[in-house]
Amino acid sequence: MTLGGMLKKIFGKPYASVGPEQAAALVAGGGLLLDVREPAEWRAGHAPRARHIPLGQLAERIGELPADRPVVTVCRSGARSRQAAALLARERDQVHNLAGGMRAWVDAGLALQAKGGRPGRLI
């Protein structure tokens, strides 16, 4: 194994930071938007077709995520989702973090929904 390979194994593979439009395009192309916010944040409003696994549960639930599709992590601002992306990148390829989080998503004019498909809000 090369030094670079050993470092990637120890520290995890790098992940890409993407903006909201690129995140939406990845999801439209079959990728998964993984929302790692807390349940109350999720219930208030989330991106359509997003999957919810709070950051604190991700390590034990990582097997629930597809290994063969891009995964874009998202939280409110991008801090928790960077942690999630780093965790996922240790075991998977095609990991991305939505820079600016759901705030950037909303600022880009992308949809938020709540339970039952009602319009959501960001808390």
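Strands β2 and β3 (residues 51–52) pair in the parallel sense over 2 bridges; strands count as paired if DSSP finds at least two bridges between them. Aspartate 35 stands opposite histidine 52 in β3. The chain gets from β2 to β3 through helix α3 (residues 39–44), a right-handed β-α-β crossover (with the strands pointing away from the viewer, the path from the first strand over the helix to the second runs clockwise). This is a predicted model, in which local features need pLDDT of at least 70 and side-chain atom pairs count only at pLDDT 80 or more, while totals for chains, interfaces and linings use all residues. Residues are numbered from 1 along each chain, and side-chain values use heavy atoms, leaving out hydrogens and water.

**Around strand β2**
- Helices (H or I, at least four residues) and strands (E, at least two) are DSSP runs, numbered from the N terminus.
- β2 (residues 32–35) also runs parallel to strand β4 (residues 71–74), joined by 4 bridges, with leucine 32 opposite valine 71.
- Both faces of β2 are covered: Leu32 and Leu34 on one side, and Leu33 and Asp35 on the other, are all buried (under 20% relative accessible area; exposed is over 50%, partly exposed in between, with a 1.4 Å probe and protein chains only).

**Salt bridges**
- There are 4 salt bridges, each a side-chain nitrogen of Lys or Arg within 4 Å of a carboxyl oxygen of Asp or Glu.
- Arginine 37 meets aspartate 35 at 2.8 Å, N to O, and both residues are buried.
- Arginine 80 pairs with glutamate 41 at 2.9 Å, N to O. Arginine 80 lies in helix α5 (residues 79–89) and glutamate 41 in α3, so the pair ties together parts 39 residues apart in sequence.
- Arg51, Arg61 and Glu64 form a network of salt bridges.
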